Amino acid sequence: MPEGDTVYKTAQLQNAALAGAVLTGFDLRVPRFATADLTGETVHEVISRGKHLLHRIGDFTLHTHLKMEGAWRTYAPGEKWRRPAFQARAVLTTADVVSVGFELGTTELLRREDEDAAVGHLGPDLLGPDWDAALAVSRLAAHPDDAIYVAALDQRNLAGVGNVYANELCFLRGVLPTRPVAEVELAPFVDLAERMLQANKDRWVRSTTGDLRPGQTSWVYGRRGRPCRRCGTRLLGGELGREQQERTVTWCPNCQS
Ligand SMILES: [Zn+2]
């Protein structure tokens with residue numbers, strides 16, 4: 001599952017490649033929109049909202065979500081794609097670039113005025129122009145019995161935290177992933193979430209430790225069974241999340257309580 005910073009960077013690259021250009025080709029390879037055609041329309045901008053991407057084209061918005069394996073890639077006209085064509089869900093062509101959305105979890109075309117149907121449920125966006133820390137705190141606080149890890153991943157509370165950041169936030173705030181929201185100091189938790197995503201939004205190597213070397217970029221994420229970087233205790237792991245949405249969590253039984 002991509003983190004909000006990955007989606008933010010994808011939107012920046014898509015915007016740089018497409019904004020202001022007229023589409024010479026438009027192909028959505030999903031049954032519901034297979035006949036939609038925005039050829040001749042102008043791409044106004046590409047933005048992210050949490051982990052959702054919005055390509056604003058003509059009077060429409062192409063709404064996509066990367067889900068687990070999705071990615072947008074740009075190629076020069078005629079250049080060979082580096083992922084198989086059968087994975088393509090959206091192909092946007094201009095005079096200068098071919099932009100392909102591969103293995104997208106969501107691909108739908110909306111009228112611009114209907115964007116809220118796709119992203120209106122999201123809490124404040126950690127990397128968005130509407131970021132509002134106080135609102136994020138109050139959304140979290142409205143679910144006092146939820147595990148903090150689960151609440152942090154719930155995009156209705158705040159938008160942009162994925163599994164890496166949820167694990168790392170719990171470690172750095174010294175709270176077990178299962179600690180109820182009511183027992184967590186929410187303002188510093190939310191503040192740290194914003195600083196983490198801001199620190200990573202313009203670089204491709206994600207690091208919550210400040211160390212960009214391979215194997216050194218996280219405190220606990222992906223390190224189950226290995227020694228805590230702070231205290232040396234063996235890190236524990238498990239599964240946590242709402243039904244059908246369980247994710248792998250890792251924590252230090254000594255540093256987190
Ligand atoms: Zn520790």
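These are my notebook entries on a predicted model.

**Ground rules.** I number residues from 1 along each chain as its sequence is written, and I work with heavy atoms for side-chain values, leaving out hydrogens and water. Because the model is predicted, local features need pLDDT of at least 70 and side-chain atom pairs count only at pLDDT 80 or more, while totals for chains, interfaces and linings use all residues.

**Zinc site.** I looked up the protein donors of the zinc ion and found Cys228 (SG), Cys231 (SG), Cys252 (SG) and Cys255 (SG), at 2.2 to 2.4 Å. Donors here are N, O and S atoms within 2.8 Å of the metal (3.2 Å for Na, K and Ca), and sites may look incomplete because water is not among the atoms. Along the chain the donors have the spacing C-x2-C-x20-C-x2-C. I noted that Cys231 and Cys255 link distant parts of the chain, 24 residues apart: Cys231 is in the loop between α6 (186-200) and β9 (236-240), and Cys255 is in the segment after β10 (247-251). Helices (H or I, at least four residues) and strands (E, at least two) are DSSP runs, numbered from the N terminus.

I then checked the geometry. The four donor atoms subtend angles of 100 to 114° around the zinc ion, so the arrangement is tetrahedral. For four donors that label requires all angles to lie between 85 and 135 degrees.

Next came accessibility, where buried means under 20% relative accessible area, exposed over 50%, and partly exposed in between (1.4 Å probe, protein chains only). Cys228 counts as buried at 5%. Cys231 is partly exposed at 32%, and Cys255 is partly exposed at 22%. I also searched the whole structure for disulfides, meaning pairs of cysteine sulfur atoms within 2.5 Å, and the search found zero.

**Asn200.** This residue lies in helix α6 and is buried at 1% relative accessibility. Its side chain reaches the backbone nitrogen of Ser207 at 2.9 Å, which I list as a polar contact (N or O atoms within 3.5 Å; within protein, one must be able to donate a hydrogen and the other to accept it, and residues adjacent in sequence count only if both atoms are side-chain atoms). Leaving aside residues up to four places away in sequence, Asn200 touches Asp5, Lys9, Tyr165, Val205, Arg206 and Ser207. Contact means heavy atoms within 4.5 Å.

**Helix α5.** I counted nine of the 10 residues of α5 (residues 163-172) as buried, so this helix is largely enclosed by the rest of the structure. Among the buried ones are Tyr165, Glu168 and Phe171. The cover over the buried residues includes α1 (4-18), α4 (148-153), α6 and β10. Gly174 follows α5 and has a positive phi, near 75°.

**Thr10.** I located Thr10 in helix α1, buried at 8% relative accessibility. Thr10 touches Leu53, Leu66 and Trp72, not counting residues up to four places away in sequence.

Strands β2 (residues 43-49) and β3 (residues 52-57) pair in the antiparallel sense over six bridges; pairing requires at least two DSSP bridges between the strands. Ile47 has Leu54 in β3 as its bridge partner. Two residues separate the strands of this hairpin, and Gly50 in the turn has a positive phi of about 60°.

Terms used: Four donors count as tetrahedral if all angles lie between 85 and 135 degrees; four count as square planar and six as octahedral if opposite donors are over 155 degrees apart and all others between 65 and 115; anything else is irregular.
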